[in-house]
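Here is a short briefing to read alongside the model. Please keep the sequence and the 3D view open as you go through the points.

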Amino acid sequence: MTTHWNPAQYNQFKDQRAKPFYDLLALIQPAQFSNAVDLGCGTGELTRALFNSLHPAYMIGIDSSAEMLAKSNAWKTDGLSFKQMDIAQYRPDAPVDLLFSNAALHWLSDHQVLFPALLSGVVAGGQVAIQMPYNFDHPSHTIARDVAITLFPDRFDHHQNVSGTLAPEQ
């Protein structure tokens, strides 16, 4: 699945978006990472911060948006690359010792299948750092969705579940 994002709009709130990223980064235990992935890397700016902080031998940032990844060239360096693909379809060529994803996996559905598939690509003893907002049922989101459906009814599948994110206890 290819998605379209507007990098300029996305970056209007980059300071606010970065806070959960840095909170998640702070939870990663110090280690020698050889192979790391950032799922939902966006423009690549925060992936570069992750790379600079953890110093893995190799890291790849994956995102489905060509518009966002067009900005990633500014953040490439030796050992850090970016690739466009559906993050739900990501399977590493070799197991990773760090799987990182900040505010991306909640956009995907079928977490009962997705998470075991992603976790199967992590080496034993590797680390997984995932942050997903769980607020699709909050008034800020339900009201915005209701207004959008009213204004643009032909752009919505009214039978589609709003979020495939499992409840935290699941």
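Alanine 103 sits in the loop between β4 and α5 (111-119), and its phi is positive, about 55 degrees, although the residue is not a glycine. Most residues other than glycine have a negative phi, and most peptide bonds are trans. This is a predicted model, in which local features need pLDDT of at least 70 and side-chain atom pairs count only at pLDDT 80 or more, while totals for chains, interfaces and linings use all residues. Residues are numbered from 1 along each chain as its sequence is written, and side-chain values use heavy atoms, with hydrogens and water left out.

**Positive phi in the loops**

- Alanine 103 is partly exposed, with a relative accessible area of 31%; here buried means under 20% relative accessible area, exposed over 50%, and partly exposed in between (1.4 Å probe, protein chains only).
- Histidine 55 also has a positive phi of about 55 degrees and is not a glycine.
- Histidine 55 follows α3 and lies in the loop between α3 and β2 (58-63).
- With 59% relative accessibility, histidine 55 counts as exposed.

**Overall layout and confidence**

- The chain has six helices and five strands, where helices (H or I, at least four residues) and strands (E, at least two) are DSSP runs, numbered from the N terminus.
- Along the sequence, these elements follow the pattern α-α-β-α-β-α-β-β-α-β-α.
- Of the 170 residues in the chain, 39% are buried.
- The mean pLDDT of the chain is 87, and 84% of its residues reach 70 or more; pLDDT is the predictor's confidence in each residue, from 0 to 100.
- Which elements have the lowest and the highest mean pLDDT? Helix α1 (residues 7-11) has the lowest, at 58, and strand β1 (residues 35-39) has the highest, at 98.
- A word of care for your own work: where pLDDT is low, the predicted coordinates should not be read in detail.

**Helices with a buried face**

- In helix α3 (residues 45-54), the residues Leu46, Thr47, Leu50, Phe51 and Leu54 are buried.
- Viewed down the axis of α3, these buried residues fall within an arc of 150 degrees, so they line one face of the helix; the arc is that of the directions from the helix axis to the C-beta atoms.
- In α5, the buried residues are His111, Leu114, Phe115, Ala117 and Leu118.
- Down the axis of α5, the buried residues fall within an arc of 165 degrees, so they too line one face of their helix.
- Gln112 and Val113, on the other side of α5, are exposed.

**Aromatic pairs**

- A pair of aromatic rings is described by the distance of the centres and the angle of the planes.
- Rings of Phe, Tyr and Trp (its six-membered ring) pair if their centres lie within 6.5 Å, and planes under 30 degrees apart count as stacked, over 60 as edge-to-face and the rest as tilted.
- By this rule there are two aromatic pairs.
- Phenylalanine 21 and tyrosine 22 have ring centres 4.9 Å apart and planes at 90 degrees, so the pair is edge-to-face.
- Phenylalanine 21 and phenylalanine 100 have ring centres 5.4 Å apart and planes at 70 degrees, so this pair is edge-to-face as well.
- Phenylalanine 21 lies in helix α2 (residues 14-26) and phenylalanine 100 in strand β4 (residues 96-102), so their pair ties together parts that are 79 residues apart in sequence.
- Phe21, Tyr22 and Phe100 form one aromatic cluster.

- Side chains of opposite charge can pair when their charged atoms come close.
- The structure holds one salt bridge, defined as a side-chain nitrogen of Lys or Arg within 4 Å of a carboxyl oxygen of Asp or Glu.
- Its partners are the side chains of lysine 19 and aspartate 23, at 3.0 Å, N to O.
- Both residues lie in helix α2, four residues apart, about one turn of the helix.
- Lysine 19 counts as exposed at 52% relative accessibility, and aspartate 23 as partly exposed at 39%.
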